Amino acid sequence: MAIVVHQLLELSKKIWIGDLGVAAGSQSGGSSCPGLPCLVLLYCPYLAAILEKPASEVLSRLVWQVWATPPLVPAGAQPSPAQNFARARGQQRFAAGRPPTRLALWLPLSDFLQRQQDIFPMFHEVLRRPFPPRVLPFLAAVLFQRKERKDTGFCHWRWEKHPYYNLTVKVLRARNIKGTDVLSKADCYVELKLPTASPSVSRTQVVDNSENPEWNETFQYRIHSAVKNILELTLYDKDVLVSDELTSVIFDVGGMRLGEPLLRTFSLDPEANEELDVEFFLEKCSDAPTEVLTNGVLVAHPCLCLQGTVNKEGNAKEKQQGCCEVKVSVPGAYQKQLSIPWTPDNEKDSGTSFIFHVDKEMCPELQVELQQTISVLQDGVNPDIEKHTTVLGLGTVPVNSLPIGEKVDRIISLGEGKSLDMSLKTEESSWDLDIRMGFDLCKEEREFLDKRKKVVSEALRKTLHLKESPPKDEVPVVAVLGSGGGMRALTSLYGSLAGLQQLGLLDAAMYLCGISGSTCIFRCLSTLYRDPDWSQKDLQDAISRAQDTVSSSKAGAFSPERLKYYFQELNAMEITGRKVSFTDLWGLIVEYFLQQEEDSSKLSDQQAAVKWAQNPYPIYAAVNVRPNMSSGDFAEWCEFTPYEVGFRKYGAFVRTENFDSEFFMGRLVQKHPEPRICFLQGMWGSAFAASLDDICLKVVGIGLSFLDSFKDVIKVVDDCRRFHFRDPARLKTRLVTPGGPLLQVFQDFFKSRVTCGETFNFMKGLYLHKDYVNIKKFVTWRGTHLDAFPNQLTPMEESLYLVDGGFSINSPFPLVLQPERDVDVILSFNFSWEAPFEVLELTQKYCEERDIPFPKIKFSEEDERKPKECYMFVDDNNPKAPIVLHFPLVNDTFQKYKAPGVERESEEEKSFGDFIIESKDSPYRTLNFTFEPYDFSRLVEVNRYNVLNNKDTLLKTLNLALQRRKLKKVTNKSNT
């Protein structure tokens, strides 16, 4: 036991938290006593388990003994600053109700000697007692410390062990239900969905023609407490064709007390006094707790792979009329039902294989169905052939009953003397996930930042005329953002980058981010990205090539030869298993617009251009939407980089090479070739995926507000206090009343995105963590937001619907405002046709909802009517908020000056600068894909000039960023 305590103390030294800066044992008065980590108690819950006392009691005793009493010092001596600091901080934390669960107590020797009579008995008691079995894993961790897992970039995932519970739901009765039938009363039944516990939907019996139906039916679920378990109870009025949905109850089962029945009466319609009575009962489950992998938002369960073969030998030999087929499926599996043609006397049918990936925790079942289809020829008058299908037999095999890793033969009884011989084998997938679950930057991006800071530091030294280059930890992170705007954005961003390069500031940029039209510049620069030093070369050559492309005719994009090429490409994609949409066709058209030839390059090819941090790190933006919802109601930002594609909201990323492959439960189940960059370009710039509501919002300035009356009515019921639910992360109960089927059709017509692209969802099979609501990236506090409906969030969906990020915010601010990127300066180049400050206002709202530091955006009516070339927004009180330099697309002083301080003289020079960007007949309209060379040059030069003319503001901003970076460094260090 002494070895255990010694190992515990040694381990505590490695995990020592904080540094007071002076010896904790030093005393005033000339004498000193060496500082000593006399006692470090880690994992207070384990100590409580050993003592068999509540953890709060043990924690309270330790905190009060060490922190909440005056410092002990020799007579005549004064406590050291370190002692006072430690005591004050401990008292503050304890008073604030934040006592740590991991205690690091650094005591001076004199304190320890005088306190040992209080603290040592606790350890003596530990040493005398036998260790409970639940503490053995901790002791094993102390004695046999495992090696660190290989660095795969999974920075913020963790292991958690959670128990199972048995949930009993008893649907009792409903009262005063008004159905949709005019001539009769409602024919009610209740449907139950708990997708985190069962892939199947349960339902009660139908009670015909009754306003007060009574069911008293019980349903059982085994739930895992690591995930967010949301039960949906939906009341239907059965109809001949389609049952009418009356009301849904969204109920979070978290926080219920074990062993105590909970009777809930849900008020469905207070005016009509409609009610639904349901009884819940939660109890412990005999199944042992299991470990899951989580990043605090997503949870990964163990995945089983079931492989099977339908054997020929041993099956029924009787002759069957017609065509028979075997249908095999596993509810909840990634793969759908598989049909296998079956003729007993045909040897070709022997040995047909199948595979299913399924969640082990769902207690999956292999379902086998034998069907027979007979073709019947109608009479001579009607020559049509009618097919009749009959189910000859059904059988099931519990997947968990099969031994892991062993191939077994099973004869599956199908009933009525029929059986089927199968060879089955299950394998459990490893925990080396193929997606990265974590909120930190990937390993390659962190390495890029470390190298790029040297480049930025040297660029700042030269540009700001510093005596020496700033150290790495004081180098500000600068992000350059280009908004959407079609060819206008592409052309303008060239000019802005050329201006930054001319000032020597392109090397000061850490990130280069585009959205919608501005992403086209990276498409045009894809050839430059093959050159490892493109940003070190004069951009004028690239601008000249872009001018040739933008000025060329686009009519060839619709020639017969090109249309044939489109068909061949899309057909080849569909054959490989990809989901083909109009977005892919648009990508091929854009490829012609920008390249006029096939380009086989991929996004991952750009890794070579950032490997040595010689160029800014490119980030491309898209948003995930719902096909039948407005992007204003729901849009999730998805980032694309040369190394990863993913959602920082969920902390889920896949390698760029694996994007649009098929994943399940974090494992790669079907690899597809990485899409060519033109298909990504079609997605990033898919402005045509707008709904009629979006079009009205952009063109008219207001959406179809009358559609709001057709929305589902969502009522939030605050039942946490009333029923004493103890889970602080529990979601309030929601009652959802649909607008009705006809109104829903009407709403879908205006809000649906017919041409929206569809890709495989790499988060499918993952679940939301029980505490995901505590993550600020989710706006669950808005009760009607989709974030508050976990069963409908992206991990539970079949596909991703990625579209132009401009449908949310027409500039990729959210991608650089993540705290992991720690951006200090944002150079925002806005190429929108109008509303020069709209992207800033939308970003400010986005940040306020998620508690992200961002400066206040204030401007006058004059600024909005006649914007200037550059605006600076800064929060003087918060160094964590980035400085925003905003460049609206304007032609102001450029009309008079051909360069900063150099006036135009000749008529030709004056004519070149005398043009209005925004006008009815402007060549820079968003839907115009071809510019004349003269118009192209004008737009490039006005954007270059606007950057050069605001050199002083840019340099002032960078100097301020250096100072704020130092302040941020001090603040972070003090917080640590």
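Q: Are Lys649 and Asp787 buried or exposed?
A: In this predicted model, Lys649 forms a salt bridge with Asp787, and their closest N and O atoms are 2.7 Å apart. A residue counts as buried under 20% relative accessible area. Lys649 and Asp787 are both buried.

Q: How many residues apart are Lys649 and Asp787, which link distant parts of the chain?
A: Lys649 belongs to the loop between strand S25 (644-647) and strand S26 (652-655). Asp787 is placed in the loop between strand S32 (767-768) and strand S33 (799-800). The separation is 138 residues.

Q: Which strands hold Arg173 and Asp277?
A: Arg173 forms a salt bridge with Asp277, with the closest N and O atoms 3.3 Å apart. The pair ties together parts that are 104 residues apart in sequence, because Arg173 lies in strand S2 (residues 164-175) and Asp277 in strand S9 (residues 274-284). The strands are therefore S2 and S9.

Q: What is the relative accessibility of Asp277?
A: Its salt-bridge partner Arg173 is partly exposed, with a relative accessible area of 26%. Asp277, by contrast, counts as buried. The value for Asp277 is 5%.

Q: Which residues are linked with Arg173 and Asp277 in a network of salt bridges?
A: Arg173 and Asp277 form a salt bridge, and both belong to a network of such bridges.

Q: Where does Glu428 lie?
A: Lys360 forms a salt bridge with Glu428, the closest N and O atoms being 3.4 Å apart. Lys360 lies in the loop between strand S15 (352-359) and strand S16 (365-377). Glu428 lies in strand S19 (residues 418-428).

Methods. Residues are numbered from 1 along each chain as its sequence is written. This is a predicted model: local features need pLDDT of at least 70, side-chain atom pairs count only at pLDDT 80 or more; totals for chains, interfaces and linings use all residues. Side-chain values use heavy atoms; hydrogens and water are left out. A salt bridge is a side-chain nitrogen of Lys or Arg within 4 Å of a carboxyl oxygen of Asp or Glu. Helices (H or I, at least four residues) and strands (E, at least two) are DSSP runs, numbered from the N terminus. Buried means under 20% relative accessible area, exposed over 50%, partly exposed in between (1.4 Å probe, protein chains only).
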